[in-house]
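Please keep the sequence and the model in view while reading.

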Amino acid sequence: CAGSASRRQVVAAEAPPPAAAPPSAESAVTPESAATPARELPPPDAAEVGGAVERIFKGSLTVGPARAPSFAVGDFNGDDSQDLAIAVAVAPGRLEEINDELANWIVKDPFATAAASYGEAKRRVLVEESDALLAVIHGYGSEGWRDPRATQTYVLKDAAGERLRARARNAALAAGEGGRLPRLLGDVIDETVAGRAGFLYYNGAHYLWYDPRGYEPQPPARVVHGGAVRAVQQ
């Protein structure tokens, strides 16, 4: 009858649309999700590492003297993109380029204390030809340090040591004794430098050295001058 037909039309109009099929892995990729590694990356080889050093430094730094291993990969700054740490050396006659204030890399001394690094009297770190340098190239997107757009790089003074390897953040935290660890944003660069075993870690601004034998946690930020906050811990 006409009334029944009318009721069927109303019910059909009010019924929710059929559920859409879940998107495929390819269609689900967006510019935002592209920053997250989408697959397991293959281990690097010496040619790739050398190519990355050349791409960043244009010959002013070269892969350092033979040592095994000479590089490590991990997510050192905690942004879900693979980074590269590599022992490097200053190319003959190119020291001035490394110390250029306008260079596209950041030179730091990871053995400096937080107070010295951030204090009012901090000095610009300069590289010397004899320094055992470690370069850390931060990755970009799912391809990490291999991506041509991966250009943020740190040059760490006297930080290339022996038994260089990456240690996952969770493993480093699990190995901490009595909570005496700095705040870790990502994986750490585990090695022995000048006979001292420890690791390099990224604190959000630069890389610092952690030595379990002498580490003292920095005091928390304190309020000074009627409410102005000075960050003592970095």
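Helices (H or I, at least four residues) and strands (E, at least two) are DSSP runs, numbered from the N terminus. On that basis R146 is placed in the loop between β5 and β6. The model is a predicted one, in which local features need pLDDT of at least 70 and side-chain atom pairs count only at pLDDT 80 or more, while totals for chains, interfaces and linings use all residues. Residues are numbered from 1 along each chain as its sequence is written, and side-chain values use heavy atoms, with hydrogens and water left out.

**The chain as a whole**

The secondary structure comprises five helices and 12 strands. Of the 234 residues in the chain, 37% are buried, a term that means under 20% relative accessible area, with exposed being over 50% and partly exposed in between (1.4 Å probe, protein chains only). Contact means heavy atoms within 4.5 Å. Among contacts between residues at least 6 apart in sequence, 64% join residues at least 24 apart.

Helix α2 covers residues 46–57, which is 12 residues, and its span from first to last C-alpha is 16 Å, close to the 16 Å expected at 1.5 Å a residue. The expected span is 1.5 Å times one less than the number of residues. Within α2, the buried residues are V49, A52, V53, I56 and F57. Seen down the axis of α2, these buried residues fall within an arc of 105 degrees, so they line one face of the helix; the arc is that of the directions from the helix axis to the C-beta atoms. They pack against β1 (61–63), β2 (71–74), β3 (83–90), β5 (133–137) and β6 (153–156).

Just after the helix, K58 takes a positive phi of about 50 degrees.

A nonpolar core is a set of buried Ala, Val, Leu, Ile, Met, Phe, Trp, Tyr and Cys residues joined through side-chain atoms within 4.5 Å. The largest such core has 20 residues, and F57, L61, W105 and V155 have the most contacts inside it. At least two residues of this core come from each of α2, β3 and β5, and α2 gives the most, with five. A second, separate core of 17 residues includes V136, L164, V193 and Y207.

R167 belongs to strand β7 (residues 162–167), and V188 to strand β8 (residues 188–193).

| Residue | Relative accessible area |
|---|---|
| R146 | 19% |
| R167 | 17% |
| V188 | 0% |

The side chain of R146 makes a polar contact of 2.9 Å with that of E48. A polar contact is a pair of N or O atoms within 3.5 Å; within protein, one must be able to donate a hydrogen and the other to accept it, and residues adjacent in sequence count only if both atoms are side-chain atoms. The side chains of R167 and D190 are likewise joined by a polar contact, of 3.1 Å.

Leaving aside neighbours within four places in sequence, R167 is in contact with A172, A175, D187, V188, D190 and F199. With residues up to four places away again not counted, V188 touches several residues, including F76, R165, R167 and Y201.
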